[in-house]
Amino acid sequence: MSIADIDAINSVWSLPAKLALAVLFCLALPRLLAALPQKLQFAARYLVFLTTGLFMSVVGCFIAIVFAVAGKRHLANATAARIFSRLVASPSGIKINVKGEEKLGNTPAIYVCNHQSNVDVVIIGRIYPTHCAIMAKKELKYVPFLGLFMQLSNVIFIDRKNHKKALESTAHAVAEMKKQNSGMLIFPEGTRSHLEKPGLLPFKKGAFHLAIQSQYPIIPIAIEGYSHVYSSRKKAFPGGEIEVRILDPIPTTGLTSDDLGSLMERTQAVMLENLKAMDKSSSHETATASLDGGKLPAELEEKGAIALGETEDEYHEGFKKRRTTFRA
């Protein structure tokens with residue numbers, strides 16, 4: 001059998017093979033994973049999440065290069081995020097129900113979203129705005145493949161422990177947004193909350209400094225508490241429906257640094273209101289600990305990211321004074 005014959009056979013079988021793999025991934029794999037025992041299901045679905053993340057880190061580099069050459073680097077993040085979301089959501093049994101997606105539009109804005117776990121990446125990928133950059137801690141720059149993709153896709157890296165460099169990152173972010181006519185996506189809590197009931201960790205100031213300096217509106221995004229879909233503490237990943245609400249823009253035109261506190265409070269209030277409204281648990285009871293008299297658990301306080309423009313000492317001093325409420 002000649003090489004030409006072998007090539008012909010391979011070409012004939014290649015399409016059916018690809019179709020079979022697609023059917024296996026989209027139909028058979030989700031059903032197979034859904035039938036597994038809880039702990040094995042958790043491990044299998046999280047493995048899908050990790051392997052797909054590694055795959056997209058590599059593919060994302062090529063996507064970023066293509067868009068950079070085409071002069072549309074701002075589209076790299078949205079493209080890679082949406083592909084990743086689609087690849088992970090189905091095998092993981094995640095169904096994302098979005099309300100208010102039309103509010104994303106093409107107008108530059110600062111998008112702020114509550115942060116529960118790594119699964120947020122799948123959810124955000126589903127709705128990622130096309131003209132939007134990301135601000136990330138500088139440590140991610142050194143993660144293999146992921147760091148390269150982030151650099152190619154114009155991610156703004158910040159050094160949260162260095163006051164001077166953090167301020168420079170803020171100024172750089174505003175300049176880049178204006179230049180690219182793009183927005184910025186930020187998790188204002190600064191860390192994953194892993195909350196079992198509807199609530200928010202104290203907000204950091206970075207997103208709100210950006211909004212005021214750029215005069216871009218804030219568009220809050222509220223992701224329903226999804227411990228019933230994924231819980232690292234319980235080692236459970238049964239899948240299910242997650243509601244996401246894109247809320248009305250909060251204008252910042254004419255605001256100054258003096259309005260920072262009220263802007264943070266207004267944003268947190270509307271997000272918390274919607275988180276409670278989306279709660280599917282039998283009780284909406286929340287255990288609250290005011291930061292004026294209560295104390296955030298040490299493990300979460302340690303994990304909390306330092307806001308842009310704050311030193312570590314300033315963060316801890318400000319933490320005690322914030323009127324925000326921690327809801328566990």
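Visitor: How many helices and strands does the protein have?

Guide: The predicted model contains 10 helices and 9 strands.

Visitor: And what share of the residues counts as buried?

Guide: Of the 328 residues in the protein, 46% are counted as buried.

Visitor: What about contacts along the sequence: what percentage join residues at least 24 apart?

Guide: The figure is 76%, taken among contacts between residues at least 6 apart in sequence.

Visitor: Which residues does UniProt list as a transmembrane region?

Guide: The UniProt record, an unreviewed entry, gives residues 44-70 for "transmembrane region". In the model, that span is 96% helix and 0% strand. Its end C-alpha atoms are 38 Å apart.

Visitor: Let us look at Ser-57. Where is Ser-57 placed, and is Ser-57 buried or exposed?

Guide: Ser-57 belongs to helix α2. Ser-57 counts as buried because its relative accessible area is 10%, which is under 20%.

Visitor: Which residues is Ser-57 in contact with, leaving aside neighbours within four places in sequence?

Guide: With those neighbours set aside, Ser-57 contacts Phe-145, Leu-146 and Phe-149.

Visitor: Where does Ala-68 lie, and how does Ala-68 count in terms of accessibility?

Guide: Ala-68 is also a residue of helix α2. With a relative accessibility of 31%, Ala-68 counts as partly exposed.

Visitor: Turning to Leu-148, what is the place of Leu-148, and what does Leu-148 touch?

Guide: Leu-148 is part of helix α5. Not counting residues up to four places away in sequence, Leu-148 touches Cys-61 and Val-143.

Visitor: What is the relative accessible area of Leu-148?

Guide: The value is 44%, so Leu-148 is classed as partly exposed.

Visitor: Next, helix α3. How many residues has α3, and what length does α3 reach?

Guide: Helix α3 covers residues 75-89, which is 15 residues. From its first C-alpha to its last, α3 reaches 21 Å, close to the 21 Å expected at 1.5 Å a residue.

Visitor: Which residues in α3 are buried?

Guide: The buried residues are Ala-76, Asn-77, Ala-78, Ala-80, Ala-81, Phe-84, Ser-85, Val-88 and Ala-89.

Visitor: And what covers the buried residues of α3?

Guide: The covering elements include the helices α2 (38-69), α4 (120-127) and α5 (146-152). Strands β1 (94-99) and β3 (132-137) are also among them.

Visitor: Where is the place of Leu-140, and what is Leu-140 in contact with?

Guide: Leu-140 sits in the loop between β3 and α5. Leaving aside neighbours within four places in sequence, Leu-140 contacts Gly-147, Met-150 and Phe-157. Leu-140 counts as partly exposed, at 26% relative accessibility. The C-alpha atoms of Leu-140 and Gln-151, which are 11 residues apart along the chain, are separated by 9.8 Å.

Visitor: What is the phi of Gln-215, and where is the place of Gln-215?

Guide: Phi of Gln-215 is near 65°, a positive value in a residue other than glycine. Gln-215 is located in the loop between α7 and β6 (218-223). Its relative accessible area is 29%, so Gln-215 is partly exposed.

Visitor: And what is the phi of Lys-235?

Guide: Phi of Lys-235 is near 55°, which is a positive value in a residue other than glycine. Lys-235 is found in the loop between β6 and β7 (240-246). Lys-235 is partly exposed, with a relative accessible area of 40%.

Terms used:
Residues numbered from 1 in each chain as written. Predicted model: local features only at pLDDT ≥ 70, side-chain atom pairs only at ≥ 80, totals over all residues. Heavy atoms only, no water. UniProt positions renumbered as here; feature names shortened; annotations may be inferred. Helix = DSSP H or I, 4+ residues; strand = E, 2+ residues; numbered from the N terminus. Expected span 1.5 Å × (residues − 1). Buried < 20%, exposed > 50% of the residue type's maximum accessible area, 1.4 Å probe, protein only. Contact = heavy atoms within 4.5 Å.
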